[in-house]
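This report describes the fold, contacts, cores and local backbone features of the entry shown below.

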Amino acid sequence: MESLRIYLKLIRISMQSRMQYRADFVIGIISVLVLNAVNLGLIGILVSRFNSLHGWTVWDMVFLYSLFVLGHSIYSLFFWHFNQMDDYIIRGTFDQFLVRPVSPFIQFIGREIQYIGFGDVIVGLASFSMAYTHLELHWGVGMWLFFAVVVLSGTVVEMAIRWIVACTAFWTGRSVALTFVMNRFNLLVQQYPIDVFGTWFRVVVTLIPIAFMNYYPSLILLGKTEHGWSWLGLVSPVVALLTLFIAAIVWRLALRRYASSGS
Amino acid sequence: MNIFWSFTRQAFHNTAIYRFEYWLQLVSAFLMMYSVYWIWNILYTQRPGAFGVELGQMVTYGVIAMALESIFNPGQGPQMYISSQIKSGSIDTDLIKPLDFHLHMLAKNFGEISFRFGTIVLPAALIGFLFLDLQPPATALNGLSFAVSLTLGYLVLFSLNFLLGMVSVLTIDIRSIAWTYNSLVRFFAGQMVPLWLFPGWLGGLANVLPFKCIYSIPLSIYIGKLTGAAVWEGLLFQAVWVVVLMAVCRLVWAGVHSKLVVQGG
Amino acid sequence: MIRVEHLVKEYKQSKRKDGPFSAIRTLFSADFVVKRAVNDISFTIDEGELVGYIGPNGAGKSTSIKMLTGILVPTSGIVEVNGIVPYKNRKEHARQIGVVFGQKTQLWWDVPVIDSLRLLKDIYKVPDALYKRNLDLFCDLIELHQFQNTPVRQLSLGQRMRADLAAALIHSPKILFLDEPTIGVDVVAKDRLRTFIKEINRDQKVTVLLTTHDMGDIEKLCSRMMIIDRGEVIYDGDIELIRRKYGEYRTLVVQFERPIADFDVAGAELVKSEGTKKWFRFNRNEASPSELITQIGARFPITDLTVEEPEIEEMVRSIYEGKSVDAKVV
């Protein structure tokens, strides 16, 4: 609880810092909106030209996309700077986290807040509500609850994976390439139903486990239970916690590594 | 010319230092090629021979586009270098070098790209031929034209990246702009969805913008979607854009340079 | 207060390959070399001491500071600070030390200094009364109130260093580690920083260990200094001795209109001659620069002049070569 209190204080000061760069904020939000519009445009053109993709209509795919973006938006608001961990290490900024009596993790995540995530919130909500209407979904309370849990699990999964990726910088010095690979995986899972890509790809994204961010849960939310594996959507929250646990272990190892190499 | 080679060699070294990164890039290139292969296969089972292009051609287009993206991705282009130099104030060190900055950037970037072409795109293409039904160029002439067209496409991309780098002089954080720019380039260049699938006005727009020089023209030549006179038209279109953009780059740089000199960096 | 025994720190460094196709071969394997950054050093520092820790770049200063602050774990040997082993008990250790890295600020870049301090108060759980007392002290000694509402990025370097010192001292640490606290700061601001450090050391009984490249810092502040080179402590002792031997020497650099043959000057020794420039070393207690200039100027036309203070690198080199140092060389 003490940690949470410190975290909130850190976040407050980070918000204050961000406020200083209004131009970047506006440009950032616009960028995110355009970026997402382009992604949705690609899906739209492709799928409408061919009517559907492996049984997924345009609106099914917009739904899939929105589910990803909603989870992602919370991640990008609070944890986006995991991508910059290598910067902290190279510049030596990380040292200061180790000479203060608060856990380095709390200090690190409290260091920044990314307003750009608001762009994702907007896109996520807009595309979700459009898809919800067009698909004429009528969810009961249980379904809405499940939806909320799934969105949060998505956030946790992405955050934990990025955390692990960031940790690799403690060994390799740079995590850019791995971040880049993750971005590409994200792009695929975000945009396409992964049953398109054949079995072994599905195994990979199930193990990594980004398929739990949107694909498996949307099978349940969209009632696509003809796939034998749709039940996997139900275990999303469990997978999320498990990934987070693994990330925490990797983090401990990374800190130990830093203490012995310091670079 | 000597200077050019020394930059290229330096770039070779810088790129080669991070071994782990290299293998990841190769893996990620293959991943994207694999995925695009499946997408087209599935779409073509629903509608064989769609839009006058055979499945084999379409897969070849998509797979090569993905392989190229791993080196054309603007995450590493001159704009990132320029923006970081400006942010840290070390652009001065570039200004005092007795080199033309624009050509210096070109030499540096070309060195990096050539190295990455050899170590990422070629192995990736080889994997493509072995596992992903990649086809050779439609004809020998198409193959040759593809090589020329790809070089021109690279010059267009370099120029656009360089201009984006100039934006950072306005002391704006260009990272978020770079993502958007990246996605717009890929969209209008036909990197994922070829331009002939674009509906009406969007297709019209994409056809006059310079972006299609980067992926669409070279790849259409490769798979034989463009043949005969259309090939020459494509190359001419690219050449015109290269000349125009290079000129714009030099003009903008001249302006930026004098601004930097006045401000003292 | 600080006890270091047989401290060793080794790093593994990757090495670039040479020879044909080196870039390509690097893609497949890498070579490593083990580098000993700190090689078996031992010393103790008592409570209330103000010790200068100097040495050329890459000598192992930062590495040892990092081990003392708990950032790095030693390869072997003992480190103990006020009874705590830094790397084993990082958080507890953090409460008793203050750290300033001169090259980079620990403050939040875009917010007013006072906001950073308030946040540090929460991080270190500083009681209200102590926090207030310390703030008053900083206002007295470094005029914190003059810039406490300014964002850090708008501060001058001198102000920023003062703010950083305040941040490092807000929780009243027992030991203060300063890594290049005056780097890049102008003369007036330097003086102010030195006075502040001195007062904190004297009045608050804070033990201070500082690294620097500036002999002035050492002369004004420290009674004891340690010189480290190539990972080993090559001198540990009185500052007076070193000052007598080296600190009083200055070098007069004279630029002449045209190249001239070497010549002797009373009270100075010609140490170097290059083109139209000559370097004369003199003891500032025995000769004054103005006398020397008159003497030289009377014989040859001078176009430019500078007086250089001895550099740490140079002193370390002389000590290393065993040139006329009769002090305890460790």
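## Fold of chain A

Along the sequence, chain A follows the pattern α-α-α-α-α-α-α-α-α-α-α-α. In total, chain A has 12 helices and 0 strands; helices (H or I, at least four residues) and strands (E, at least two) are DSSP runs, numbered from the N terminus. The radius of gyration of chain A is 19 Å, close to the 18 Å that the globule rule gives for 263 residues, so chain A is as compact as a globular protein of that length. The radius is taken over C-alpha atoms, and the rule is 2.2 Å times the number of residues to the power 0.38.

The C-alpha trace of chain A spans about 55 × 40 × 35 Å along its principal axes. Of its 263 residues, 46% count as buried. A residue is buried if 20 or more other C-beta atoms lie within 10 Å of its own, exposed if 12 or fewer, and partly exposed in between, with C-beta atoms placed from the backbone. Among the contacts in chain A with a separation of 6 or more, 78% are between residues 24 or more positions apart. Two residues are in contact if their C-beta atoms, placed from the backbone, lie within 7 Å.

## Basis of the model

This is a predicted model, in which local features need pLDDT of at least 70 and side-chain atom pairs count only at pLDDT 80 or more, while totals for chains, interfaces and linings use all residues. Residues are numbered from 1 along each chain as its sequence is written, and chains are lettered from A and ligands numbered from 1 in the order in which they are written.

## Chain B and its helix α6

Chain B has 11 helices and 0 strands, and its elements run α-α-α-α-α-α-α-α-α-α-α from the N terminus on. Of the 265 residues of chain B, 48% count as buried. Residues 24 or more positions apart make up 81% of the contacts in chain B with a separation of 6 or more.

Helix α6 of chain B (residues 101-131) has 31 residues. From its first C-alpha to its last, α6(B) reaches 43 Å, close to the 45 Å expected at 1.5 Å a residue; the expected span is 1.5 Å times one less than the number of residues. A kink of about 40° in α6(B) is centred on B:F117, where the bend at a residue is the angle between axes fitted to the seven residues ending there and the seven starting there. Just after α6(B), B:D133 takes a positive phi of about 55°.

## Contact between chains A and B

The contact takes 33 residues from chain A and 33 residues from chain B. On the side of chain A that touches chain B, α2 (22-49) and α9 (176-191) each supply at least two residues. Helix α2(A) gives the most to this side, with 14 residues.

By class, this side of chain A has 21 nonpolar, 8 polar and 4 charged residues. Ala, Val, Leu, Ile, Met, Phe, Trp, Tyr, Cys and Pro count as nonpolar, Asp, Glu, Lys and Arg as charged, and the others, Gly among them, as polar.

## Nonpolar cores

The largest nonpolar core has 227 residues, and those with the most contacts inside it are B:M33, B:V63, B:V156 and C:A166. Helix α8 of chain A (residues 141-172) gives the most to this core, with 14 residues. Apart from this core lies another, of 7 residues, among them C:V254, C:F280, C:L292 and C:I296. A nonpolar core is a set of buried Ala, Val, Leu, Ile, Met, Phe, Trp, Tyr and Cys residues joined through C-beta atoms within 7 Å.

Leaving aside neighbours within four places in sequence, B:V156 is in contact with B:P210, B:C213, B:I214, B:Q238, B:W241, B:V242 and B:L245.

## Local backbone features

Most residues other than glycine have a negative phi, and most peptide bonds are trans. The peptide bond from A:I208 to A:P209 is cis, with omega near -25°. A:P209 lies in the loop between α10 (199-207) and α11 (215-221) of chain A.

Although not a glycine, C:D40 has a positive phi of about 55°. C:D40 is in strand β2 (residues 31-45) of chain C and is partly exposed, with 14 other C-beta atoms within 10 Å. C:N82, also not a glycine, has a positive phi of about 50°. C:N82 lies in the loop between β4 (76-81) and α3 (90-96) of chain C.
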